[in-house]
Amino acid sequence: MKRNTQNNGQLPIIDWQFNRIAVKIGSNVLTRKDGTLDITRMSALVDQVAKLHRKGVEVVLISSGAVASGRSEIKASKKLDPVSARQLYSAVGQAKLINRYYELFREHGMTCGQVLTTKENFGSRTHYLNQKHCMEVMLENKVIPIVNENDTISVTELMFTDNDELSGLIATMMGMDALIILSNIDGIYNGNPSDPSSTVIREIDGSKEDLSEYVQTSKSSFGRGGMLTKCSIAQKVADEGITVIIANGKKDNILVDLLAKDSRTVCTRFIPSNKPVSSVKKWIAHSEGFAKGEIHINRGAEEALLGPKATSILLVGVTRIIGDFEKDDIVKVINEEGVQLGVGCAGYDSTEARELIGSRDKKPLVHYDYLYLD
């Protein structure tokens, strides 16, 4: 997607493939084998972001590396449980990480800013919009947002799966042209990456394509995620109309090469859906983890929901309500077989909804405008 924006009324910006991107930099890109920050790699990536920035490309960085950085900086006085260790290492490591970014960007005459967030901040529409406004103001003022999870206050059950999940949320929230996920391999292979006969799958079209037979389930050395998580997030984001690219962040000039028109850089590209998705539905799509209850519907309601015509969930087709929720809370939509069909915002609280199950001529329990189907 190209934006024909002008630069201070002068010539149009360079004809890149994308002009607003989110870039997720994984822990294995930013850290050496001993867990210390790879300053050379960080500097190279900042150089590339600076070059894109000067040419008019808006960039939001989602950067891992805080915990790994902190772990290499201090030695705990006693054995810590996983949550305490994560809090300690991230508190030290995030300061070290953002300070390094600040100094590197300053060498280019640029300013970066830190945005720390938690999964809870995406569960509230108000908090969601506040975060978006903050980053829009930063971009308008030529400040590079550097986003990371606030691990010092996150606990296990409220953590993002990893920064891949966070990057998907940021990409959809900010209306990005593309999300670029930088890992330490070239993309998704059609076999084991260590097998010389395996090759990178260059394009993936269709969010429902099953990639589990290709993807390794092992986790990264310093991060929490793996390629399976990246694929899941990539397919979801692409289904919302955003190009997703998985590429090797350790390759020289990788960002500039990926954005160049007619780029032939080896990577895996997820082709975006051409179906328009509203900003509200994008938020709802990523709010499944905050669902407060379940709405179970009968087969007739399911058929109407999955048909060619946009349909709301009416009370006449509801068979059961599970959980306690308030009006406008996120709820899951479940069919008769127990399969989740999607998520949406409840038009009633759970008490009133139970009383109205089976009713006709009432407003929808979930309006189509506030419903996202899986």
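Let me begin with a term: a residue is called buried if its relative accessible area is under 20%, exposed if over 50%, and partly exposed in between, with a 1.4 Å probe and protein chains only. By that rule, 50% of the 374 residues of the protein chain count as buried.

What you see is a predicted model, in which local features need pLDDT of at least 70 and side-chain atom pairs count only at pLDDT 80 or more, while totals for chains, interfaces and linings use all residues. Residues are numbered from 1 along each chain as its sequence is written, and side-chain values use heavy atoms, with hydrogens and water left out.

The protein chain has eleven helices and 13 strands, where helices (H or I, at least four residues) and strands (E, at least two) are DSSP runs numbered from the N terminus.

Now to the rings. The structure holds two aromatic pairs, and rings of Phe, Tyr and Trp (its six-membered ring) pair if their centres lie within 6.5 Å, with planes under 30 degrees apart counted as stacked, over 60 as edge-to-face and the rest as tilted. In one of them, Tyr-101 and Phe-105 have ring centres 6.4 Å apart and planes at 25 degrees, so the pair is stacked. Both residues lie in H4, four residues apart, about one turn of the helix. Tyr-101 counts as buried because its relative accessibility is 2%, and Phe-105 does so at 0%. The other pair, Phe-122 and Tyr-128, has centres 6.1 Å apart and planes at 75 degrees, so this pair is edge-to-face, and Phe-122 and Tyr-128 are both buried.

Is Gln-131 buried or exposed? At 11% relative accessibility, Gln-131 counts as buried. Leaving aside neighbours within four places in sequence, Gln-131 is in contact (heavy atoms within 4.5 Å) with Thr-117, Asn-121, Phe-122 and Met-173.
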